[in-house]
Structure formats: structure tokens, C-alpha cells
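Please take a moment to look over the model below before reading on.

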Amino acid sequence: MTNRTPRTEEFMDRAIDAHGDAVFRLALNQLRNATDAQDAVQETFVRLLTSETRFENKTHLRAWLLRVAINICHDMHKSAWNRRVDRLEDDQHADARDSRRSASAEEIALRTLKDHPVWNALADLPEDQRLVIHLAYIEDRSSDEIAQLLGIKPATVRTRLFRARTRLREILGETGNAIALARPPCAPSVSRGNAASHGPPTH
Amino acid sequence: MATIMDEYAQRMASIKLTPQMRAAIKRRIADERPNLAQAAARSQPARRPDRRTHTRRHVIAIAACTAGLVLGCTALGILWSQKNPAPTNDGTADGEKQGASSNDSALSASESSFVLVAYADGTPVEDRGDTVLAGPGFMDSVGSWDAGPDDDGGMSCHNVFNIDLRAYGDDIVQLDYRIDGDESAQFCYLGSRGYTKPDGSFEEMHGKELTITQDMLERIGTIDGGTFSLEMTFAPPDEFRALYEESHATGDSDEFRFESIAYGAQLLAGSIITVTASFEDGTTLTHEYRIEPVDDFKDALMRNSQAFFDSIDAGTTDELVCEPLFTIEQLS
């Protein structure tokens, strides 16, 4: 759906400030590459610019952005083989370049993330399992919310989470890491109907 | 003790766009704007010469109340002349305001626009850009149902889906609805005690087309507005007779009910609802929406039914939000 009148600069700036980091984290999780993730973030916000969707509140907007970003990452992932070698090379060059200059806090955070065993273990998970892990643990979404976001059944989400956690335990166990993945991954569910009120019920 | 996932989550949470990345996004958006403006200019019909400033938001709300036999899910009231909400710092609106929309294009658009609430509030469907799982209240509950042998010896079913036909938009004075296809599916409006005709009788409308006028909007806006629904009358296949007879024999009509409602929903697959909004300045705008039952319609219907009865058993007063039973695709 394309909007004939693009959203204002002010709206876009606010949206980027409020949700850009979350979109970037999700894209990074899915694409495993900061350069690709940045591309996905740009494309996500360009689609916001042209979208005609009405947003009821910040939750609605964030869910929309994550949904769009997931689709974009999926599309990029499908074509990733064509670029994989180039991208790896790019990242190596970027790391070398970054090591020669003072890094920002954001860049340091990105480097330290890549040292974490879970980051590396996630690389061995299928795209859909990596996604539910991210949404549950990083975005603090409930199974129901993830199901709504992905357009799948909550039972499917729980199955993917179970399989993903099992696989992570296996991988992390192989690498000698203590495993404690049992943090409750899901915040209480907020149903879509609670997001906005449209008037008193009539009976 | 923090788990390894907690550590990872904390580390991931510290990941942010660098200032260079933010700047690049904003440059990309700035680069896109001229292209969009050109595209809009090329595709824009000379529909209205005047350009106006939106000073208020008219949210037209149409009631869809639970009518009772089987499922009662979402009940909606009427809103009128809501002012635009002030966007919050994160680019969204104050969700507390009834009927408010934070859509920035609506705030800044220089021409009339509207969108079905059920579409705007829907959940995007994966890999289907213009399709959503319908928002709450849009045909996710069945207000009434009956089925059985008719006078001619055949079978007849009657499904009534409650439907949220509200639209977000500014300065709308009339909404006209039309559903394509044969006469088996029609819009229906049933008035309420608070909204009757001048002679005191209940307002009632049935038809392939439905018009909500300014007059109705103003009157409805002050009271409970009656019930809007999409009614279906159809003859099911012969095999439904066995289900009917089985339900009679066992006293349990659930299977027959769910099957016949699901069959009716399939008859609606691909139906197009056309909505035309007329604005204060005399202009009109039309959108077309195609509806499709969800893949697991019957299962979702059963879950909604179970949730409804569970809520009764639990004595909860919380509004029951049903699973969507239909998708909506905006065609134009």
C-alpha cells in the first residue's frame, strides 16, 4: 500500500529515534551482518515513509516496523548467497578499519556482541528459530504477540522456541558454556484489542 | 544469577544505530522524497482543486454489538468529531483517545482520505503486502445462526457475522458500502431502542448496499447505535443433511453449526466490499477491500466459541477479543 503523501520529516525522525535501534537489532540478528542490517533498516523506514497504514499507538507502529523488517530480512536472506563472500570481506575490512580509529560506543557494543557465545550459537539456528528467540528474549514478546507478528499460531511459536532453546543448549554445551536458558522469555500477553479503544461497548 | 541469555540480551540491548547509520537512513529518506513527490504528481487525478488543512478528525464509528446466539465478541460504539491526537515523542499518537489515529499522512495530508478501521488495525500477513488479518470486530463473531430443512425439502443456512464498518477519516459526511456477488450476502443494520425512526419503529436496513448518512451519523453518535452485520442465506450441499440429522439425534449441534458457518465463509471468499466516503467539500473517495476466510477458519471459529463460553464460566467482564476469521486486502 503506497501513500500518495509521504510522512513528514518530523514523524520519520521520531519513528527512527524511537524504533530504529530495535529494527537494527532485529535485522542484525537475522542477517548477522551490520552492513546488511543497515540496508534492511533503511529499506524498512523507506517503506514507512510510503505506507498508508494508520498507527494507533507506538506499539502498533513498532509491531509494523518489526513485521516489515522481518520480511525484508527474509528477502535479503534468500539472496544472500550471491553476496556472502563479498560481505564477509567487507566486514573483515571494516573491522580492520575500525581497529585503526577510535570507535564509538555503538561500534564497541557491536564488536563485543560478536564475541558472545550465544551470538555465535545463534548462527547455527534456522532463520525462523533465530527470529523467535530474538522476539522472545530481546523484544520481550509473548508467544501470542509473536504469533500475531508472524501470522502463525501461538502453538507454532512455542514449538519453534522449544526447538531453538534445545538446539542452543546443545551448541553451547558443546562449546563448554554453562547453560541456563530458562529465563521466562515471554512478557504477559497483551491482546490486540487492548491496544486502542474505539468507544463504549453497546449491547 | 544472570543466565547466559540474560547476558546476551543485555549485550544485544546495548546495540544501537551509530550516528552515521542514523544519518544514512535520513539521507536515504530524503533521497526518496523527490521520487515519491514525482510519482504522486504523475498518478494524482485532479480530484479537488482546493487544498485544506485538517483541523479535526471525524471518526465514524458504527456499532457491531453482540446479538447473542453463539458468539459475542466485540461491541463497538460511535464516535464523532474527535480531534486529532497530538503525536507522542516516538512518532505515535496518544492511544488513550478513542478513535484516534496517529497516521502521519492523515495529519499532514492535503486531501481527503479514509481507511476502514478493521484494515488499519489489522495484523499484516506475511509476504502479502496489502493484506491484513482483520482487526477486532470485523466478522470475527457470529451474531446469530440457524440452519435446517426449508419448505422445499432442501437445506437452508443463515449466518450473521457482526461487522465493524467504521472508517478513519476527516470530514466524512457519508459512507456508502457495497458488497459484490449474488444476493446471498447482504449488509444489515438493526436499530436500537435509542435509535428508532421518527414513528418509533426500529430502523432496519438490508441490502447489497448500505448508506450511512450525515443524519444517521449525528443521531447515532449520541446513543448506542444498533447492530451492523453481514448476513448470509445459502443452501449448503446435501451432505449437510446428515450433519443436521446427527445433531438432532445427539442434541449437540456444534459440529453442524461450525461446519455450516465455515461453509458460508468459504462462499464469501474473494468478495469485494466497496466503500465510498463523501467529504464535506463534496468530493468522494472509494476504496475496495477483498475479504477471505482464514485458512483455519473452522478451528479459529471453534476457539473463539470456546473462549466465549470460557469467559462466561469465568464470569469475567473483560471484553473478549476474538481471533480474526477473515483477511482483508485493500485493492484500491
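In which order do the 5 strands of the open sheet with E5 in chain B lie? The order is E5-E6-E12-E9-E10, and the pairing is antiparallel, where strands are DSSP runs of E with at least two residues, helices are runs of H or I with at least four, both are numbered from the N terminus, and two strands pair if DSSP finds at least two bridges between them. The edge strands of chain B here, each pairing on one side only, are E5 (142-149) and E10 (204-207), and the twist from one strand to the next averages 15 degrees. Within this sheet, strand E9 (residues 185-190) and strand E12 (residues 227-234) of chain B run antiparallel and are joined by 6 bridges; Tyr189(B), for example, has Phe228(B) in E12(B) as its bridge partner.

This is a predicted model, in which local features need pLDDT of at least 70 and side-chain atom pairs count only at pLDDT 80 or more, while totals for chains, interfaces and linings use all residues. Residues are numbered from 1 along each chain as its sequence is written, and chains are lettered from A and ligands numbered from 1 in the order in which they are written.

Helix H7(B) lies across E5, E6 (155-162), E9 and E12 of chain B, and runs at about 105 degrees to E5(B); such angles run from 0 to 180 degrees between N-to-C directions, with axes fitted to C-alpha atoms, for helices over the stretch in contact. The axes of H7 (residues 254-268) and H8 (residues 297-314) of chain B come within 9 Å and cross at roughly 130 degrees. H7(B) and H8(B) are therefore oblique to each other, since angles under 35 degrees count as roughly parallel, over 145 as roughly antiparallel, 65 to 115 as roughly perpendicular and the rest as oblique. The contact (C-beta atoms, placed from the backbone, within 7 Å) is made by Phe258(B), Ile261(B), Ala262(B) and Ala265(B) of H7(B) together with Phe297(B), Lys298(B), Leu301(B) and Met302(B) of H8(B).

Another open sheet of chain B has 7 strands with antiparallel pairing, in the order E3-E4-E15-E14-E13-E8-E11. Its edge strands in chain B are E3 (123-125) and E11 (209-212), each of which pairs on one side only, and the twist averages 30 degrees from one strand to the next. In chain B, 8 bridges join the antiparallel strands E13 (residues 271-279) and E14 (residues 284-293), and Tyr289(B) in E14(B) is the bridge partner of Ile273(B).

Chain B as a whole has 8 helices and 15 strands.

Key. Two residues are in contact if their C-beta atoms, placed from the backbone, lie within 7 Å.
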